[in-house]
Amino acid sequence: MFRQEQHSNAVHRFRIDCRCASVCQCGRMNNSKCAITHKRRRPTRIIRCIYVVGFMDLFGVSMIIPLLSHHVKSLGASPTVAGIVGSTYGVLQLFSSTVVGSWSDVVGRRYSLLTCLLLSAFGYSLQGLSTSISLFVLARIPVGLFKHSLSICRALLSDLVSEKERPLVMGHFNAASSVGFILGPVVGGYLTEHEGGFYLSSFVCAAIFLLNAGLVWMLPWSETLNHCVDANANSKTKPSKSYNEIKNSVQQNCSDKNHIRHPNASAVRSQTNGGWGWRDMSVVQPAWRQLTSVWIQIRMVASSDMWDVFLVHLLMAVSIMLYYSNFSLAMEERFQLKPKVTGYLISYSSMLGALAGCFVGPVTHLYGNNMSALLLHSTALTCTLIFLYATAPNVWQVLLTSTFFAISTTIGRTCITDLELQRGGAQASGTLIGVGQSVTAVGRVLAPLLSCLAQEVSPCGPPSLGVVLGLVAVGLLFVRTPKWDSKTKVKDKSPKQ
């Protein structure tokens, strides 16, 4: 009979089928008739809280983004200097995304997420005090280096759910974040109308990040341990073990396999015995040990056979950015649309993209969780829609292509992230998502340059170049998808130890 133990922070219980109660009291359990019926459930509360964190994150950031260029010019910067200052954030993100993501694998999601939120809040506060170009650049450094809260949230969600549930949860998270990104500029524009509007918006953004940090600190982190205990209990074939033995085994497995990234095994035991202790957290382990672990994680990903996935990621990221790069200017030159109408069209597409995140789960279920096939089809659809936009004879065709383009890109973005996690393994989800963000950052550097060159030829030059890159991605997927599927089948057929 399992012995129930109560702790101050978490109570772990296993439910035994009532029909087997007499067998359990005699100390014997029949595996064929008596089994643990406690179904593994998602830690719903913490997942919903992460949705709120994602919403507030992009809500605060989108308040600032439209105002940055105007503020830099108001400080007396020339267009060239303004461009260099604006690229500072992207360059820092390019080099820091992978490192911070890997660091979250080493020290744990909780403390890496708190660190990123607090340092980002510091950067936005300093930005609110910037009265010169040098101070503004200084304020952008901590934001560029540590604004990776969304990536860590995605890695945490990957830790908390099964592989089949991951697209659904990721889609909901992306939808919540997108809604925040849509509403933020409205509030930022309202605050800008007041005197010192940029500084007020910066301080409000910093306050939002501080509020997010407080929410992360108060998250029900005990659910992660309960989730790991439940998963392990359902997979046990020898239920004669005592509760303590199962709990200790789960803690060791969670630490060794990184299924749930607790800071370390001792920290898990500290939580179980009555709370988190600062001396137990791996975040305070020697810096050289953390750097060594980070380097090992990055080297493992770099040496893996995942170049094809990341190349598809880069090609489609640049292709989509080329679509948006001169959208407003092309609408004005091709169809004489006013910027106000173009803004409505962009808002309409953004709202559809946010809603599409809620349908990622059903679509992946329809495909039987075959993410490589879904990625191939969504990429082909995206490429076709960009071509239809580039050759559109009227605004109504642009409206139609924008409708389906928002849906296909949302599904494709979730697919490529999930495929990267499938190919790389959940043990390094932070590193993999960080590498994906670095690939996107490379796209942000390349897309403006390619757009300027293509626009010299025609207003339709950037999307036409995007079609070419999209076709290359589709061809690469046609060649590599059978190999991915064969690896997945071999993995599924391999005997489980």
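In this predicted model, begin with helix α5 and display its surroundings: the buried residues of α5 pack against α2 (44–74), α3 (79–107), α4 (109–128) and α8 (197–217). To see which side chains are involved, select F136, A139, R140, P142, V143 and G144, the buried residues of α5. The helix itself covers residues 133–146, and its 14 residues reach 21 Å from the first C-alpha to the last, close to the 20 Å expected at 1.5 Å a residue.

Next, select two of those neighbours together, α4 and α8, which pack with their axes 8 Å apart at an angle of about 165°. Since angles over 145 degrees count as roughly antiparallel, α4 and α8 are therefore roughly antiparallel to each other. Looking along the pair, you can follow α4 as it passes α8 in a left-handed crossing. Among the residues that make the contact are L113, L117 and Y124 of α4, together with F203, F209 and W217 of α8. The residues of this contact between α4 and α8 divide into 17 nonpolar, 6 polar and 1 charged.

Finally, turn to two loops. Select Q336, in the loop between α14 (327–335) and α15 (339–356), where this non-glycine residue has a positive phi of about 55°. Q336 is exposed, with a relative accessible area of 60%. Then move to N369, in the loop between α16 (360–366) and α17 (371–390); its phi is also positive, near 60°, although N369 is not a glycine. With a relative accessible area of 24%, N369 is partly exposed. Both stops deserve a look at the backbone, because most residues other than glycine have a negative phi.

Notes
Residues numbered from 1 in each chain as written. Predicted model: local features only at pLDDT ≥ 70, side-chain atom pairs only at ≥ 80, totals over all residues. Heavy atoms only, no water. Helix = DSSP H or I, 4+ residues; strand = E, 2+ residues; numbered from the N terminus. Buried < 20%, exposed > 50% of the residue type's maximum accessible area, 1.4 Å probe, protein only. Expected span 1.5 Å × (residues − 1). Contact = heavy atoms within 4.5 Å. Axes fitted to C-alpha atoms, helices over the stretch in contact; angles between N-to-C directions. Parallel < 35°, antiparallel > 145°, perpendicular 65-115°, else oblique. Left-handed = near helix turned anticlockwise from the far one by under 90°. Nonpolar A, V, L, I, M, F, W, Y, C, P; charged D, E, K, R; others polar.
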